[in-house]
Amino acid sequence: MKVGIIGCGYVGSTAAYAITLKGVASELLLIDINSKMAQAHAEDIMHATSFGEPVNVYAGNYPELKGADVVILACGVAQKPGEDRLQLLERNVRIFKTVVPRVLEYAPETILLVTTNPVDIMTLAVTGISGAPANKVIGAGTILDTARFRSLIGEHLGVAPVSVHAYVLGEHGESEVLVWSGAKVGGVPLSDFAEQIGLPFTDEVKAQIDDGVRNAACRIINGKGATYHGIGAGLAQITQAISDDERRVFTVSSITKGIEGFKGISLSLPRIIGKNGVADEIRPALSGDEQRALKLSADIIKNASDNLCN
């Protein structure tokens, strides 16, 4: 499998490293406006293949994307002091209007994996810019929020996060929805499991986990300037699901097609990911409060998207 990464900052380079260590791709191309940085990352990561999988990692330019199965879009700019969200959006959309057509010129059938924030609206923008079918444009969405949620539930119960099934849906941002009502551990409803082992989820515990999920990025950024390890691993996992046609469920962002109330909005729902990108979207069972919160989250995304278009 051939993978391209546009943008070799913290997220792009970490995704490249994770993809290489997992052996997801046989060929990995790094592209950045700073060609020296792309070359340095490619050389450094290539050295790691001695301790892992045989991946051909190299830096190059857009023509070398020919034959790429997946292209990760990790390009874009950071928010400036005093700049509001819409201004940041406008600047990143201008960048993507240049980048995306160049990608598709050489890899017209590729799957585009968007990670630039605000990722839900950028996913919608990339779908429009590319003209690609919605299934071939995937935003990283709430995959990291979901991973944090599962990790913190597992930590409280003393079980591995892979045994926890729980979702964070909606916007990758302040309005995201932690779905407590459908959470399970080992196939057992969360409340039943917690009661059996004597570790109930009190309101205080739930509030701590909610804060741990919702405000993790702020704490990490305050401590080291950026978040990149978690999302880099998540991008590698999505890429592997495409490569191996795993039909694995992720809470990724994409333009919703068949779920009433959310059609045309790019937000995170459980989606089946396989060789052609998004194979299907799933509407999970939600409590009344969760349903209302998800609708509010969708409205926030829609309003921001409408403002961008206007």
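**Notes on a predicted model**

1. At 36% relative accessibility, Lys 295 counts as partly exposed, where buried stands for under 20% relative accessible area, exposed for over 50% and partly exposed for what lies in between, with a 1.4 Å probe and protein chains only. Lys 295 belongs to helix 10 (residues 288-309); helices (H or I, at least four residues) and strands (E, at least two) are DSSP runs, numbered from the N terminus. Apart from neighbours within four places in sequence, Lys 295 is in contact with Gly 261 and Phe 262, contact being heavy atoms within 4.5 Å. Its C-alpha atom is separated by 20 Å from that of Phe 149, a residue 146 places away along the chain.

2. On the basis of these notes: the model is predicted, so that local features need pLDDT of at least 70 and side-chain atom pairs count only at pLDDT 80 or more, while totals for chains, interfaces and linings use all residues. Residues are numbered from 1 along each chain as its sequence is written, and side-chain values use heavy atoms, with hydrogens and water left out.

3. Turning to the rings, the structure holds three aromatic pairs; rings of Phe, Tyr and Trp (its six-membered ring) pair if their centres lie within 6.5 Å, and planes under 30 degrees apart count as stacked, over 60 as edge-to-face and the rest as tilted. Tyr 10 and Tyr 228 form a stacked pair, with 4.7 Å from centre to centre and 10° between the planes. This pair links distant parts of the chain, 218 residues apart, with Tyr 10 in helix 1 (residues 10-22) and Tyr 228 in the loop between helix 8 (216-224) and helix 9 (229-243). Phe 149, Trp 180 and Phe 201 are linked by ring pairs into a cluster.

4. Lys 224 lies over the face of Tyr 228, at 3.9 Å from the ring centre; a charge sits over a ring if NZ of Lys or CZ of Arg is within 6 Å of the ring centre and within 35 degrees of the ring normal.

5. Three strands form an open, antiparallel sheet in the order 7-8-9, and two strands pair if DSSP finds at least two bridges between them. Strand 7 (164-169) and strand 9 (188-189) stand at the edges with a single partner strand each, so one side of each has no neighbour in the sheet. Helix 5 (residues 143-157) packs on this sheet, touching strand 7 and strand 8, and its direction makes about 140° with that of strand 7; axes are lines fitted to C-alpha atoms, for helices over the stretch in contact, and angles run from 0 to 180 degrees between N-to-C directions. Helix 7 (residues 203-214) lies across strand 7 and strand 8, running at about 115° to strand 8.

6. Within strand 8, Ser 181 counts as partly exposed because its relative accessibility is 46%. Beyond its neighbours within four places in sequence, it is in contact with Ala 285, Leu 286, Ser 287 and Glu 290. The side chains of Ser 181 and Glu 290 make a polar contact (2.5 Å), a term for a pair of N or O atoms within 3.5 Å; within protein, one must be able to donate a hydrogen and the other to accept it, and residues adjacent in sequence count only if both atoms are side-chain atoms.

7. Thr 239, in helix 9, counts as buried because its relative accessibility is 0%, and a polar atom of its side chain lies 2.8 Å from the backbone oxygen of Leu 235. Not counting residues up to four places away in sequence, the residues that Thr 239 touches include Val 70, Ile 72 and Leu 113. Strand 4 (residues 70-73) sends Val 70 and Ile 72 one way and Val 71 and Leu 73 the other, and all are buried. Four bridges join strand 4 to strand 5 (residues 111-114) in parallel, with Ile 72 opposite Leu 113.

8. Lastly, Thr 256 lies in the loop between strand 10 (248-255) and strand 11 (266-274) and counts as buried because its relative accessibility is 2%. A polar atom of its side chain lies 3.0 Å from the backbone oxygen of Ile 265.
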